[in-house]
Amino acid sequence: MCNFAHDDRQPRYGFLVDAPEIRALIDATTRLRHTIRDDAARVEALRPAFAALLAADGWLPDSCAQADETSRMGGGIGQYALYRAEDGSLCLFSLVVPVGASTPVHDHLAWGLVGIYRGRQDETVYRRLDDGKDPTRAQLEVAKRQQLGRGEFYTLLPPADDIHYVSTISDTASVSIHLLANDTACVWRHRFEPATGVVTPFRSGYANAPCPPDADGAR
Ligand SMILES: [Fe+2]
C-alpha cells in the first residue's frame, strides 16, 4: 500500500488503497463530474461525500499515515497516493506533517477539497499581488490564517486561495486528506519564498508511487 515505494508489484494507478470509504468518494466525484460542469458547484456538491470520508475510521492504513524521511518537501512530510486516475484527472492522497513541521509555501493548480483526518493544522493562505507573468517571481501577502481540526475541510478553486502552507500544531502528526483534480504530486507546481519573492518549480512526488518518467525521471 503505502510503504513499498519502488515495488513493481504495487499498483501505480487506480485504488492504491482499496477501501469502500475511498471508493464511495471517488464514485461520487466521477458521478458529479458528469452532472455538474461548474467547478464551484461541483466542489460544493462533493462536501457530504468528503465529510463522510473524514468522519470514518479504519480505512487509512498506518503505512499511509507515517513520516517520510526521504520527502522532497523536507521535515519528514509524507505524501501517499490513495487513488490516482491514470489520465491525471483526479487523485486522493494523505499528507502527513510531523509535529512542529511545516510544508513549503506551494500551490495546487487544481480544484478540490482538503480536510483534516488526524491532528490539527495551522494554515496560512497568500494572495498574489503581481500579475504572474514572471514565472520566477511572485509578490505575496498573507490573505488569511486559520486552524483546522479533525473533520474540518476547505475547498480549492484556483487561482483563489491556491497558495498556502500548513504547519502541524497538535502534539501528534497531522494527517490531511486531499481530493484534487490533477495528479498533484507529479505535476510541476510552484514553491514560493514570500520574503524574497523567489518562485521555483516544485514536484513533491508520492512516497508510494512513481511519477511518469517523462519529467525528471525520479519518483
Ligand atoms: Fe497544500
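Visitor: Is Leu-109 buried, exposed or partly exposed, and what is its relative accessibility?
Guide: Happy to start there; this is a predicted model, in which local features need pLDDT of at least 70, side-chain atom pairs count only at pLDDT 80 or more, and totals for chains, interfaces and linings use all residues. Residues are numbered from 1 along each chain as its sequence is written, and side-chain values use heavy atoms, leaving out hydrogens and water. Buried means under 20% relative accessible area, exposed over 50%, and partly exposed in between (1.4 Å probe, protein chains only). Leu-109 therefore counts as partly exposed, at 44%.

Visitor: What is the phi of Leu-109?
Guide: Most residues other than glycine have a negative phi. Leu-109 sits in the loop between strand 4 (105-106) and strand 5 (112-118); strands here are DSSP runs (E, at least two residues) and helices are too (H or I, at least four), numbered from the N terminus. Although Leu-109 is not a glycine, its phi is positive, at about 65°.

Visitor: Which residue is joined to Pro-158 by a cis peptide bond?
Guide: Most peptide bonds are trans. Here omega is about 10°.

Visitor: Are the rings of Phe-15 and Tyr-83 stacked, edge-to-face or tilted?
Guide: Rings of Phe, Tyr and Trp (its six-membered ring) pair if their centres lie within 6.5 Å; planes under 30 degrees apart count as stacked, over 60 as edge-to-face and the rest as tilted. The centres of Phe-15 and Tyr-83 are 4.8 Å apart and their planes are at 50°, so the pair is tilted.

Visitor: How many residues apart in sequence are the parts that this pair ties together?
Guide: Both Phe-15 and Tyr-83 are buried. Phe-15 belongs to strand 1 (residues 14-15) and Tyr-83 to strand 2 (residues 78-84), so the parts they tie together are separated in sequence by 68 residues.

Visitor: Are helix 1 and helix 3 roughly parallel or roughly antiparallel?
Guide: Helix 1 (residues 20-35) and helix 3 (residues 47-55) pack at about 170°, with axes 9 Å apart. Axes are lines fitted to C-alpha atoms, for helices over the stretch in contact, with angles from 0 to 180 degrees between N-to-C directions. Angles under 35 degrees count as roughly parallel, over 145 as roughly antiparallel, 65 to 115 as roughly perpendicular and the rest as oblique. Helix 1 and helix 3 are therefore roughly antiparallel.
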